Amino acid sequence: MTHRQFTSFAEFWPFYLREHSKPQTRALHYIGTTLVVVVAIYALVTAQYGWFAAMPLAGYFFAWLAHFTVEKNRPATFTYPLWSLAADFRMWWLWLTGRMGKELRMAGITRSEAEHGPEQ
């Protein structure tokens, strides 16, 4: 699949969600993003700043595992690294605050396509 060119984050966001249509993909992203936040807090609180180096590994390991084994697509990070990072944190925050289901519906991800779990 070829990625189209996006000129704004608003255009990119629905594409990003469609690339994360399966709940298992999003769950692995949530694990990775949560680990990134935990590692960052730990590094700051303990003043062990070397832990910041582990943040990309924590985040990308789970995200890429999801894309290559669950979603079976190419991570958007390869084409849109900064927008993908911002979108990942947005997706994580929407999930934490219980607003992810609405975003998925707005992106055209139907219940049957996504095999929705608790994000409905």
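Colleague: What makes you place Ile41 in helix 2?

Modeller: Helix 2 spans residues 23-46, and Ile41 is found there. Helices are DSSP runs of H or I with at least four residues, numbered from the N terminus. This is a predicted model, where local features need pLDDT of at least 70, side-chain atom pairs count only at 80 or more, and totals for chains, interfaces and linings use all residues. Residues are numbered from 1 along each chain as its sequence is written, and side-chain values use heavy atoms, without hydrogens and water.

Colleague: What is the mean pLDDT of the chain?

Modeller: The mean is 90, and 89% of the residues reach 70 or more. pLDDT is the predictor's confidence in each residue, from 0 to 100.

Colleague: Where does pLDDT stay under 50?

Modeller: Over residues 113-120. Where pLDDT is low, the predicted coordinates should not be read in detail.

Colleague: Where is Tyr49, and which residues does Tyr49 contact beyond its neighbours within four places in sequence?

Modeller: Tyr49 sits in the loop between helix 2 and helix 3. Tyr49 is in contact with Ala43 and Leu44, leaving aside neighbours within four places in sequence. Contact means heavy atoms within 4.5 Å.

Colleague: How far apart in space are Tyr49 and Val39?

Modeller: They are 9.8 Å apart, C-alpha to C-alpha, and 10 residues apart in sequence.

Colleague: Which helix gives the largest share of the lining of the largest pocket?

Modeller: Helix 3, with six residues. Helix 2, helix 3 (55-71) and helix 4 (81-96) each supply at least two lining residues.
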